[in-house]
Amino acid sequence: MSEGKLLPVANRTESFWLTERDPELKAARTTPDLPSSADVVIIGSGLTGAMMGYHIMKKAQKEGKQLKVVMLEADECCGSATARNGGHCKPVTFIGYRSEAKKHGAAVANHLLTFEEAALGLYADVVRKEDIDCDLHVTRAIDVFYRKEDAQSAKLDLEARAAAFPDATRAGDIRLVEDPKVLEQMAGVTGTAMGASYPAGHLWPYKLATSLIRIAIRDGMSIQTYTPALSMEAAGAKWTVITARGKIAAGKVIVATNAYTSSVLPEFKPLIIPVRGAACSITPPPSHSAAGIPGPFRYSYGFRHAQGQIDYMIPRQGRGRVPGVGDTSLILGGAKGVYLGHLDRWYNNKHDNEIIPGTKEYFEGYMSDHFAGWRKGEGSVDHVWSGVLGYSSDLLPLVGEHPDRPGVYVIAGFTGHGMPRIPGCSDALSTLVLSDSQSAQKTFETALPKPYWLTRERLESKTNAIKAAMGQGEGVSAARETNDEVNMLAQAVKAKL
Ligand SMILES: Cc1cc2nc3c(=O)[nH]c(=O)nc-3n(C[C@H](O)[C@H](O)[C@H](O)COP(=O)(O)OP(=O)(O)OC[C@H]3O[C@@H](n4cnc5c(N)ncnc54)[C@H](O)[C@@H]3O)c2cc1C
């Protein structure tokens, strides 16, 4: 029945994060039969679906509304990008500012940055409030620039933002490190041109998402795993969601399916493309295992090698609430340099059941190539996996009520950079789902940067900036020449910052 649909494949690679699955949620169905109706159907149980479920149940409760909410998941609970990512909440804080300001104006460009900067606080709030065990660690990220031209361009972005928005930039606490020797002492990295550090965080995304789903279930939400939504049809003012196990009549539908959005909304096929990515976990040698105390890895990292070639790494700081106790693996992702030249290996590729050729070897040599004192052959790469990211054709998330399908809300297309965006997007969209009032619309529009809004113009756009942004295909040479249009924007967007 789902033949030919863009849905998760079978036998997917095992990520580090999936080594501790939630056994009860994995194949959960809160009722044996599919409910026949719901006020709200949420499609997708990744971090986005989880946060939507959490907010909807909590806000409805607060307003005294009794809502019947059903979450549909095509595969196991939360087994897609959220369970395969780098665990890095690294906001874009200045890179790309000038090109965004040119496109949208300075205020909107600044809003894009402050929106991401706020995510860390939103994670901390929910983790604290609900006492969630997801190894949230608030730290500083350091962006490491290897090419002088990229460093120079980033510096100009920072100066431009600081000149236009001195208070916001100061609040962002961005510190440049221009001396490579100082950078090596601070962050252990060798062969660099410049570094920039700012507040960021990392966590166990699967655990956060499944904890939020558990809370929503406790509050009354139903979940139905292994139940792909195959299509939806208008039924008067409502929607009928068609699944392999039957139909659900829904007042409202939230599509939180990221890379797979065209499986239920075919018009999104040119707008959100499945893009395959890779990551791994590494057990560091004793020389680099000083987690939780001042040691070699005081930062999380973004490594900017060249256009389209950005790696990222988080040093886990132990389990639970005692830093330094328990697992201190490194999670390293990227390796794009080895596969971007082979378009079929990543673009429009949903096969996270295979490791991308060359990525294992790349990860195995990475730490000794880039970190002082890490000798060749030291440490072990324990898990290598792939995952499917949802790249939007203009590289920004698509969030809001569908212009042609009233009552259907989309929150997808995070373009490999969902962690600093999903908390704010889900909070804003849940307000809109719960109320058709003008004030809810205003709250949504005030909270969410305008370029994220799901407008008719974006829905009908024929632009596709993905390949050029990744340093492939047409438009790349122009990007290389200017070095701060598509190039720097793309670096900012896809760097898992
Ligand atoms: C290798 C890799 C590394 C990454 N690193 C980072 C990082 O370090 N920092 C960062 O910010 N971002 C990173 N990302 C991106 C980040 O993981 C995503 O932005 C985020 O997880 C998206 O969450 P989501 O819930 O929207 O999507 P997903 O987690 O993919 O969830 C979507 C869910 O919808 C389900 N679904 C799809 N279609 C249907 C259907 N028709 N019916 C029912 N269910 C359906 C899927 O099975 C899935 O469970 C990375 C991604 C990958 C793959």
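Me: Why is the ligand shell said to lie between domain 1 and domain 2?
Reply: Domain 1 (16-83 + 206-270 + 394-464) and domain 2 (135-203 + 274-389 + 473-494) both contribute residues to the shell around the ligand, so it lies between them. The domain bounds come from an automatic or database domain assignment. This is a predicted model: local features need pLDDT of at least 70, side-chain atom pairs count only at pLDDT 80 or more, and totals for chains, interfaces and linings use all residues. Residues are numbered from 1 along each chain as its sequence is written.

Me: Which residues come nearest to the ligand?
Reply: A residue is near a molecule if its C-beta atom, placed from the backbone, lies within 6 Å of it. Of the 48 residues around the ligand, Gly-44, Gly-46, Gly-86, Gly-387 and Gly-418 come nearest. Helix 1 (47-62), strand 11 and strand 15 are the elements giving two or more residues to this shell; helices (H or I, at least four residues) and strands (E, at least two) are DSSP runs, numbered from the N terminus.

Me: What makes strand 15 largely enclosed?
Reply: A residue is buried if 20 or more other C-beta atoms lie within 10 Å of its own, exposed if 12 or fewer, and partly exposed in between, with C-beta atoms placed from the backbone. In strand 15 (residues 380-392), 10 of the 13 residues are buried, so the strand is largely enclosed by the rest of the structure.

Me: How do you know that strand 11 and strand 15 pair?
Reply: Pairing requires that DSSP finds at least two bridges between two strands. Strand 11 (residues 272-283) and strand 15 have 12 bridges, in the antiparallel sense. Ala-279 has Trp-385 of strand 15 as its bridge partner.
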